[in-house]
Amino acid sequence: MRLTFYGGVQQVTGSNYLLEFNNLKILVDCGLFQGSRYAETLNYEHFQYNPKEVDFVLVTHSHADHSGRLPKLYKEGFRGKIFATKPTIDLSIIALEDNLDLIKEEAHRDGHEPLFSSGDLHQVFLLAQGVEYGDEIDLGEGVKAIFYEAGHILGSAIIEINWKDEKSGEKRSIYFSGDLGNYPTPLLKRYNMPNEADYVVVESTYGDRLHENTVNRKEVLRQAIEETVKKGGTVIIPTFAIERTQELIYAINELVEHGHLPQVPVCLDSPLAIKLTKVYKNYESYFNKKVLHDIRSGDDIFYFPGLRMTFNSQESRAINDVRGPKVILAGSGMSLGGRILYHEQRYLPDPNSIILFVGYQVEGSPGRQILDGKKDVKILGQHVKVNCTVRHIEGYSAHADQAMLLDWAGKAKQDGTLKKVFVTHGEYHSSSVLQQKISEKIGVEAVVPGMGESFEL
């Protein structure tokens, strides 16, 4: 078995890993490279393998940096089969349809064709088959794949691939972490641990740090809203349409129901997030016990008095007419596009307002610039002063921190079979720190692969 890394190494985006076994070619993820733009120019380069020869694509979850180049793969000849959980397929189709507008805008501005067409998008998902956690999928040549809960977003998966070593005849296995959740998560169950893994590919988004206490995240959110309301300002939250939006609405719902927040309008200004929240309601079995208990007790967990969902642009503009303090949740989560840009133009200069970051901000993104303390940022082609309060609630991060990642990778070592750990999906410093920690604390070889680097398993 040969493993080659074609993305998601020494950077957080563009996950794309190729496994080759005899004549079998299997991709794990096919994501967009993102940074200062929604679709970086690197995405327009040809794949470094022939898409026509790929037999299967296994998708860990629906975030664009893991699934966003699937339509391009189809465009360049892929006609194999895609396996992903059912929520991942549903979420991916809706999200990529929405994000195609951003891709077209960028392509038009740069004077070239878009990365893929609407036809490519719809055709590639006709090749997709939904799977359940724990199902064993026969990929041929004695190679099998199993999806497990990753606890990152709805339907996210850890993927095990196992095969028989041709020389020894012994079973071998490799686990791909995908993106591991920040347990305990507000909505989902805990991620699974690897079992008797020979090799592990582990993400390292937060491989160099520990999160603040997740128990306090809702209280930090409450305090931020309350303080801003007292000053008469506006709370703006750049939020990812998948998972983070639903977690925040659920948290604010609880705060409102228990009387822990002052009465204040809350505007969900994201058509995509509104659509995706409906998908969440179709997959309640994926939720954890507490959420299921709330639902069975009659609580509409994604609605509360004072919540306004603004679907069209006219409704969005009307938010400006809401006098006094308010809370605005809008995409995109890294301020790479979407309605959040208009709210940032309006409220970043206001010293009474606050911008709350609740997720990872990739290097080069406008969100990262604001979070890093830049006092003048370019939004929609205009320079905007940042006079508002800037705060990051790491407790709402959807990614495991260093301690969780070490615990997850270390479980494979406890079973006595682990030979090597590949550290991926992190900026170089973050990946290198985790690599060193794995070597020191787990006592196993760990490597940070380079782009295009191959390994024999």
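A pocket, in the sense used here, is an open set of grid points with protein on both sides within 12 Å along at least five of seven lines, and its lining residues are those that have an atom within 4 Å of a point. The model in which these spaces were found is a predicted one.

By that definition, the second largest pocket is lined by 14 residues, and those lying nearest its centre are Pro-186, Arg-217, Lys-218, Tyr-250 and Glu-254. Its volume comes to about 260 Å³. Two helices, H5 (217-231) and H6 (244-257), each supply at least two residues of this lining, and H6 gives the most, with four residues.

Within H8, which spans residues 289-296, the buried residues are Val-291, Leu-292, Asp-294 and Ile-295. Because these buried residues fall within an arc of 160° when seen down the axis of H8, they line one face of the helix. The face turned away from that buried side carries Lys-289, His-293 and Arg-296, which are exposed. At the start of H8, a side-chain oxygen of Asn-288 reaches to within 3.3 Å of the backbone nitrogen of Lys-290, while after the helix comes Gly-298, whose phi is positive, near 100°.

A search of the whole structure finds two cavities of 30 Å³ or more, and the largest cavity has a volume of about 60 Å³. Of the 15 residues that line this largest cavity, Tyr-17, Ser-177, Gly-178, Val-201 and Thr-424 are the closest to its centre. Strand E11, made up of residues 199-203, gives the most to the lining of the largest cavity, with three residues. That lining is made up of five nonpolar, seven polar and three charged residues.

The second largest cavity holds about 40 Å³ of space, and among the residues that line this cavity are Tyr-133, Glu-149, Ile-153, Leu-154, Leu-188, Lys-189 and Tyr-286. Its lining divides into six nonpolar, three polar and two charged residues.

Conventions
Residues are numbered from 1 along each chain as its sequence is written. This is a predicted model: local features need pLDDT of at least 70, side-chain atom pairs count only at pLDDT 80 or more; totals for chains, interfaces and linings use all residues. Side-chain values use heavy atoms; hydrogens and water are left out. On a 1 Å grid over the protein atoms alone, a cavity is a set of points where a 1.4 Å probe fits but cannot get out, and a pocket is an open set with protein on both sides within 12 Å along at least five of seven lines; lining residues have an atom within 4 Å of a point. Grid points are joined across faces, edges and corners, and a volume is the space filled by probe spheres set on the points. Ala, Val, Leu, Ile, Met, Phe, Trp, Tyr, Cys and Pro count as nonpolar, Asp, Glu, Lys and Arg as charged, and the others, Gly among them, as polar. Buried means under 20% relative accessible area, exposed over 50%, partly exposed in between (1.4 Å probe, protein chains only). The arc is that of the directions from the helix axis to the C-beta atoms. A polar contact is a pair of N or O atoms within 3.5 Å; within protein, one must be able to donate a hydrogen and the other to accept it, and residues adjacent in sequence count only if both atoms are side-chain atoms.
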